[in-house]
Amino acid sequence: DVGYIGENTRASTSANRTTAPTTANGSLKSTGNQFGQSAEQSSRLGFKGTEDLGGGTSALFTVEVDLAPSTGTTVMPGSTRQAFVGLQKKGLGIGAVGTQYTGIHNAVAATDPGQTNNMMGNVIYPRASGSAAAPTADSATSGTTVSYTVRTANTLTLQSDKFAGFSAGAMLVANNRNDTQTTTTVGNTTTTTGGLTNQNGWGLNANYTLQKFYVTAAYQAFTSKNDNGPTVVTTTAANGATVTSPTPAIWSSATGGSNIRDNQFYAGATYDFGILKAYAQYVARKASVQQNSGNYIKRNAEQIGVRSYITPTIEGWASIGMGKGNEFGVGAPTVNFNGWQLGSNYYLSKRTNLYAIYGQTQTSNGTVGNGAAAVTTSYGGSNYAVGVRHTF
């Protein structure tokens, strides 16, 4: 997937200090363009295979890595998207172990009108830079977005075949370690090493197909427990406001987290009217620190869209969505956001198409941060891309 990508972002902030009623206003703007890649779909190279073991049972494997064709980097460092091995039994289902997509990501991929492209404007699978409570962040290549965790390592998955249109699955993540804890003091510095480091998770998913109607839902929860992770510290600012740290960080597929709980939910549905296919989506996420569940960040968003073949070789889609992010602190700081996207494909063959995509994202003025350091911010961005995609 290579093409020409243009981008325009703008942000304004107002920092409110507690010792005096002074306000500093500022606005920043950035524009850019490049011959890049992975606008409509993340460029990747993968291998998969199966072996018939007899009796309706087969062994299978998948290995998939990210590519950056326009930068000269053939395989991106740390770019494993999936790497797993499993067994499949006809009439029963599939079990696999390794690095895999989560139940939520598989559900999103099946019900997203933009097919999880990497352009701005999608509030379910967001693409751009921003804070965890705000709508825009792109870390899909590292296995997460601000909406949900995309993939996890050290994962066992089970997925049933369809029975009367219904299928269900489960996921278990386990990466635990417990070392002897030691404490070393040098001068005024004390260092503690070892102890407990657990990165766990689980998830459930289900989907149902009835003729032209499809509905799916998934829930996943991740926890991390680290004896030497950050502790909760509460201080009082000059104006009497309470400032509590640390703010929870979302769970990472590569490193897990540091004493956090991260709960995620998704539901989506599609209906094929023949001339077009309609989409509806909802996602919610809340992360909190282990030591105090009142220290949290959370985000929810909803989106609708349509996708249709305008001619036998020209396909188009559109989506629009909105949502809200908020976190702990004085007044429960909140940011509202919205986004929309338009796109089209022109198929030269079954495996090759030209594409054009445009998307916009906008946040309202809202307060992000807690206590004395609260900052009022707004963010807007748009980008477009034209390119060619080839699949094989």
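Me: Buried means under 20% relative accessible area, exposed over 50%, and partly exposed in between (1.4 Å probe, protein chains only). With those cut-offs, is Ser38 buried or exposed?

Reply: Ser38 has a relative accessible area of 14%, so it is buried. Keep in mind that this is a predicted model, where local features need pLDDT of at least 70, side-chain atom pairs count only at pLDDT 80 or more, and totals for chains, interfaces and linings use all residues. Residues are numbered from 1 along each chain as its sequence is written, and side-chain values use heavy atoms, with hydrogens and water left out.

Me: Where does Ser38 sit, and which backbone nitrogen does its side chain reach?

Reply: Elements here are DSSP runs, numbered from the N terminus: helices are H or I with at least four residues, strands are E with at least two. Ser38 falls in the loop between β2 (23-37) and β3 (44-54). A polar atom of its side chain lies 2.9 Å from the backbone nitrogen of Ser43.

Me: How many helices and strands does the chain have, and what share of its residues is buried?

Reply: The chain has one helix and 20 strands. Its length is 392 residues, and 43% of them count as buried.

Me: Let's do strand pairing. Which way do β3 and β4 run, and how many residues separate them in the hairpin?

Reply: Two strands pair if DSSP finds at least two bridges between them. β3 and β4 run antiparallel, joined by 10 bridges, and Lys48 stands opposite Thr62 in β4. Two residues lie between the strands of this hairpin, and Gly55 in the turn has a positive phi of about 65 degrees.

Me: What does β4 pair with on the β5 side, and over how many bridges?

Reply: β4 and β5 (residues 80-89) pair over nine bridges, again in the antiparallel sense. Look for Phe61, which stands opposite Val85 in β5. As for cover, seven of the 10 residues of β4 (residues 57-66) are buried, so the strand is largely enclosed by the rest of the structure.

Me: How many residues make up the largest nonpolar core, and which element gives the largest share?

Reply: A nonpolar core is a set of buried Ala, Val, Leu, Ile, Met, Phe, Trp, Tyr and Cys residues joined through side-chain atoms within 4.5 Å. The largest core has 14 residues, and those with the most contacts inside it include Ile104, Val108 and Tyr148. Helix α1 (residues 103-111) gives the largest share of this core, three residues. A second, separate core of seven residues includes Ile5, Ala39, Trp317 and Ala385.

Me: What does Tyr148 touch beyond four places in sequence?

Reply: Contact means heavy atoms within 4.5 Å. On that basis Tyr148 touches Ile104, His105, Val108, Ile124, Tyr125, Gln264 and Arg285. Tyr125 lies in the loop between α1 and β7 and counts as buried, at 4% relative accessibility. Its C-alpha atom is 7.0 Å from that of Thr145, 20 residues apart along the chain.

Me: And which contacts does Ser344 make outside its sequence neighbours?

Reply: Ser344 belongs to strand β17 (residues 334-347). Setting aside neighbours within four places, it is in contact with Glu315, Gly316, Trp317, Leu354, Tyr355 and Ala356.

Me: Last one: how many aromatic pairs does the structure hold, and why is the Phe265 and Tyr282 pair called tilted?

Reply: Rings of Phe, Tyr and Trp (its six-membered ring) pair if their centres lie within 6.5 Å; planes under 30 degrees apart count as stacked, over 60 as edge-to-face and the rest as tilted. The structure holds six aromatic pairs. For Phe265 and Tyr282 the ring centres are 6.5 Å apart and the planes are at 55 degrees, so the pair is tilted. Phe265 is in strand β13 (residues 260-272) and Tyr282 in strand β14 (residues 277-289), so the pair ties together parts that are 17 residues apart in sequence. Phe265 is partly exposed at 32% relative accessibility, and Tyr282 is partly exposed at 31%.

Definitions and conventions. Polar contact = N/O pair within 3.5 Å; in protein donor to acceptor, adjacent residues only side chain to side chain.
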